[in-house]
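The sequence and structure are shown first.

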Amino acid sequence: MKKIHILATGGTISARGPAGRTAGYQDGAFRIEQLLEGVEGAAALARITGEQIFTLSSEDMTGAHWLALARRINQLAEEGTADGFVVTHGTNTLEETAYFLHLTVKTDRPVVLTGSMRPATANSADGAQNLYEAIAVAASGEARGKGVLVVFSDGIYGARGVQKVNCFRPDAFNSRDFGCLGYVQDDLPVFFQTPAEDHTLRTPFQTEGLQTLPPVEIAYFYADADPCVVPLLAGRARGLVIAGAGSGQMSSPWKDAVREAARRIPVVRCSRTGSGLVGRESRDAEAGTLWGMTLPPVKARILLSLGLTVTDSREALQEFFQTY
């Protein structure tokens with residue numbers, strides 16, 4: 001029987017609220033040991049151990065938390081004490097943590113994130129089923145080598161493509177254009193796809209020795225947006241991501257501001273739409289901007305930040321966006 005280690009970080013899956021209700025809850029009321037008591041059949045899936053590495057709402061997740069989480073998984077993987085890992089996490093920034101781990105954990109053993117949209121005390125709590133399915137996927141031999149995964153509401157998603165697409169319903173995640181990698185029915189994962197991009201063991205990004213991550217900010221463009229936000233954010237960061245309209249488009253005043261910022265720091269164009277391709281355009285060469293490919297702004301920010309721990313070369317940073 002496989003050994004699965006759970007790292008609990010808090011979030012709605014650990015929350016208590018008014019009896020039966022789905023709103024008005026407080027995160028962190030239940031520790032991982034208590035959550036496992038409510039997951040029927042989990043002991044038949046794997047030998048399970050767990051630790052409460054953090055207790056926080058996912059909005060409070062920081063780069064320091066990401067570094068600590070990645071290091072802990074890498075430590076346990078190196079020790080060989082677990083065959084796979086599950087991370088319980090709040091849903092609001094789950095996709096960001098998943099992608100950071102996808103780029104920084106150095107193991108081919110399954111790492112699976114899950115959470116819930118409803119507190120453990122709700123009549124229709126979804127956390128126990130999501131946790132059960134996450135354990136089943138982490139214990140599956142088919143999950144090995146596929147990078148960091150997210151399991152939610154019977155779906156298996158790759159960390160690079162997964163996005164939270166609903167702030168209310170239990171079926172809150174999908175991968176937009178790229179679909180899920182597979183499904184889970186009870187204890188049976190079924191995979192239909194494999195991530196195409198490099199990840200985990202095939203990235204140059206390391207967490208050892210890092211105390212902080214290079215600051216990267218996101219500037220959100222909208223009709224008649226004041227371009228003053230661009231120099232403001234660029235002045236406090238080592239990199240900047242533009243959440244542009246359509247395929248990373250922006251107004252003429254914004255183009256001028258972005259061109260000036262790109263003389264000093266890397267600037268990446270992305271789309272605020274959440275799907276589609278932001279490819280190379282002729283004005284990138286003139287403006288000195290990079291293009292974010294299919295990454296949404298929040299994930300482009302993570303990749304640019306990690307990229308800056310390795311290189312300042314614009315050409316190398318662009319290659320990262322086309323590889324990871």
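## Helices α8 and α9

In this predicted model, the contact between α8 and α9 brings Ala-300, Leu-303, Leu-304, Gly-307 and Leu-308 of α8 against Leu-317, Phe-320 and Phe-321 of α9. By class, seven of these residues are nonpolar and one is polar, while none is charged.

Helix α8 spans residues 297–308 and helix α9 spans residues 314–321. Their axes are 10 Å apart, and the packing angle is about 135°. Angles over 145 degrees would count as roughly antiparallel and those from 65 to 115 as roughly perpendicular; α8 and α9 are therefore classed as oblique to each other. The handedness of the crossing of α8 and α9 is right-handed.

The buried set includes the residues Glu-95, Glu-96 and His-102, together with Leu-94, Ala-98, Tyr-99, Phe-100, Leu-101 and Leu-103. Thr-97 and Thr-104 also belong to the buried residues of α3.

Which elements cover the buried residues of α3? The covering elements include the helices α2 (63–79) and α8, as well as the strands β4 (111–114), β5 (148–152), β7 (163–164) and β8 (173–174).

## Packing of α2 against α3

Helices α2 and α3 pack at about 50°, and their axes are 10 Å apart. That angle makes α2 oblique to α3, and α2 passes α3 in a right-handed crossing. On the α2 side, the contact is made by Trp-66, Leu-67, Leu-69, Ala-70, Ile-73 and Asn-74. On the α3 side, the contributing residues are Glu-96, Thr-97, Phe-100, Leu-101 and Thr-104. The residues of this contact divide into seven nonpolar, three polar and one charged.

## Gly-244 and the cysteines

Gly-244 is located in strand β12, which covers residues 239–244. Its relative accessibility is 0%, and Gly-244 therefore counts as buried. With residues up to four places away in sequence left out, Gly-244 touches Phe-221, Gln-249, Cys-270, Ser-271 and Arg-272. Between Gly-244 and Leu-56, the separation is 188 residues in sequence and 31 Å in space, C-alpha to C-alpha.

Cys-270, one of the residues that Gly-244 touches, is likewise buried, with a relative accessible area of 0%. Cys-180 has a relative accessibility of 16% and counts as buried because that value falls under the 20% cut-off. The structure holds zero disulfides.

Arg-176 is not a glycine, yet has a positive phi of about 50°. This residue lies in the loop between β8 and β9 (182–185). Is Arg-176 buried, partly exposed or exposed? At 39% relative accessibility, Arg-176 counts as partly exposed.

Thr-200 also has a positive phi, near 45°, in a residue other than glycine. The loop that holds Thr-200 runs between β10 (188–191) and β11 (216–220). Thr-200 counts as buried, at 4% relative accessibility, whereas Arg-176 counts as partly exposed.

Key. Residues are numbered from 1 along each chain as its sequence is written. This is a predicted model: local features need pLDDT of at least 70, side-chain atom pairs count only at pLDDT 80 or more; totals for chains, interfaces and linings use all residues. Side-chain values use heavy atoms; hydrogens and water are left out. A disulfide is a pair of cysteine sulfur atoms within 2.5 Å. Buried means under 20% relative accessible area, exposed over 50%, partly exposed in between (1.4 Å probe, protein chains only). Axes are lines fitted to C-alpha atoms, for helices over the stretch in contact, and angles run from 0 to 180 degrees between N-to-C directions. Helices (H or I, at least four residues) and strands (E, at least two) are DSSP runs, numbered from the N terminus. Angles under 35 degrees count as roughly parallel, over 145 as roughly antiparallel, 65 to 115 as roughly perpendicular and the rest as oblique. A crossing is left-handed if the near helix is turned anticlockwise from the far one by less than a right angle, and right-handed if clockwise. Contact means heavy atoms within 4.5 Å. Ala, Val, Leu, Ile, Met, Phe, Trp, Tyr, Cys and Pro count as nonpolar, Asp, Glu, Lys and Arg as charged, and the others, Gly among them, as polar.
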